[in-house]
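User: I am new to this structure. Please walk me through the terms used for it, and set each value against its cut-off.

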Amino acid sequence: MLLLSLITPLHAAQAAEPFAISSGERIVLIGGTFIEREVRYGCMETLMTAHFSDHDLTFRNLGWSGDTVTGIARASFDSVEKGYDRLIKHVVDAKPTVIFVSYGQNESFEGEAGLETFLSELNTLLDDIAVTKARVVLISPTLQENMGYPLPDPTAHNADVRLYTKALAKVAEERKHYFVDMTALLPVSNKLATKPRTDNGLHFTEDGYWQAASALMKGFGYSSATPNPKKLASLRTVILEKNRLFFCQWRPQNETYLFGFRKHEQGQYGAEIPLFDPLIENMEKQITAERNQLKSSSGKGSVAQ
């Protein structure tokens with residue numbers, strides 16, 4: 001029995017077949033807060049790993065809170081151009097076969113006036129990561145929940161989110177990239193949210209990330225029963241530790257001292273960064289063991305239910 005059942009895509013605008021994932025894929029995630037906080041929760045990676053338990057998949061999360069398609073959050077003490085260069089370098093160095101691109105959330109606050117600029121900068125990003133020859137999935141921003149006073153009424157902003165989502169869908173169509181419409185998969189009501197999936201209307205809770213993981217799988221053209229976090233806990237624990245180690249490697253807390261303008265003080269410790277490699281490799285082996293366990297037990301009932 002498969003862990004999750006294969007169904008046809010939900011939207012007529014989507015591709016005729018589900019987004020294909022093959023064993024050996026290296027899946028790289030880039031974007032802002034929504035992507036970075038997946039490092040903390042690991043729900044999307046856990047659910048995908050469980051679904052494709054007979055596949056050897058590698059995930060690398062390069063999300064950065066507050067980021068835009070220009071890499072502005074990655075600039076640190078340098079120029080925005082340097083931040084963008086870092087974004088491209090990190091993506092290329094990760095050697096992806098698939099790239100999940102999740103931008104537009106921050107840019108949507110600029111409204112219609114900022115849309116043309118966003119699309120121009122997005123296309124530049126897509127041109128520059130094309131050197132990887134990876135397949136690209138464009139993931140739309142998510143709608144803002146109505147959390148009530150003193151948080152703002154999200155109606156106007158959600159109209160802009162939908163505007164940016166429509167534009168992203170067009171870019172995906174023109175470039176023949178796969179597109180996932182999170183506004184359709186995670187709808188909101190204008191009424192006060194009674195069971196919110198975010199803590200402030202925008203940033204997802206743990207339960208919210210499980211919902212987002214399920215939505216993403218549906219957007220890829222795969223049905224997803226409500227995940228059972230208890231049955232996926234062991235796999236998720238290992239994934240979270242792998243993500244923690246990788247995060248410490250590619251974004252060390254004292255990066256300015258290791259590689260920046262203060263490296264003359266402690267730059268010698270930069271030599272320790274490669275020492276994370278065997279630690280991460282060990283966690284990858286443990287992930288393999290966990291998914292093999294899921295595969296062998298799948299005949300006893302789906303871990304997702």
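Analyst: Start with a definition: angles under 35 degrees count as roughly parallel, over 145 as roughly antiparallel, 65 to 115 as roughly perpendicular and the rest as oblique. Angles run from 0 to 180 degrees between N-to-C directions, and axes are lines fitted to C-alpha atoms, for helices over the stretch in contact. Helices (H or I, at least four residues) and strands (E, at least two) are DSSP runs, numbered from the N terminus. This is a predicted model: local features need pLDDT of at least 70, side-chain atom pairs count only at pLDDT 80 or more, and totals for chains, interfaces and linings use all residues. Residues are numbered from 1 along each chain as its sequence is written, and side-chain values use heavy atoms, with hydrogens and water left out.

User: Why are helix 3 and helix 8 called oblique to each other?

Analyst: The axes of helix 3 and helix 8 (residues 206–219) cross at roughly 45° and come within 8 Å. That angle falls among "the rest", so the two helices are oblique. Their crossing is right-handed; a crossing is left-handed if the near helix is turned anticlockwise from the far one by less than a right angle, and right-handed if clockwise.

User: Which residues of helix 3 and helix 8 make the contact?

Analyst: Contact means heavy atoms within 4.5 Å. Helix 3 brings Cys43, Met44, Thr46, Leu47, Met48 and His51. By class, the contact of helix 3 with helix 8 has nine nonpolar, three polar and one charged. Ala, Val, Leu, Ile, Met, Phe, Trp, Tyr, Cys and Pro count as nonpolar, Asp, Glu, Lys and Arg as charged, and the others, Gly among them, as polar.

User: What makes helix 9 roughly antiparallel to helix 12?

Analyst: Helix 9 and helix 12 (residues 276–297) pack at about 160°, with axes 9 Å apart. The cut-off is over 145, so helix 9 is roughly antiparallel to helix 12. Helix 9 passes helix 12 in a left-handed crossing. Their contact divides into twelve nonpolar, three polar and five charged residues.

User: How is helix 3 placed against helix 9?

Analyst: Helix 3 (residues 43–51) and helix 9 (residues 233–250) pack at about 125°, their axes 9 Å apart. That makes helix 3 oblique to helix 9. The crossing of this pair is right-handed.

User: Why is the pair of Phe118 and Tyr164 called tilted?

Analyst: Rings of Phe, Tyr and Trp (its six-membered ring) pair if their centres lie within 6.5 Å; planes under 30 degrees apart count as stacked, over 60 as edge-to-face and the rest as tilted. The count by this rule is twelve aromatic pairs. The ring centres of Phe118 and Tyr164 are 5.4 Å apart and their planes stand at 40°, so the pair is tilted.
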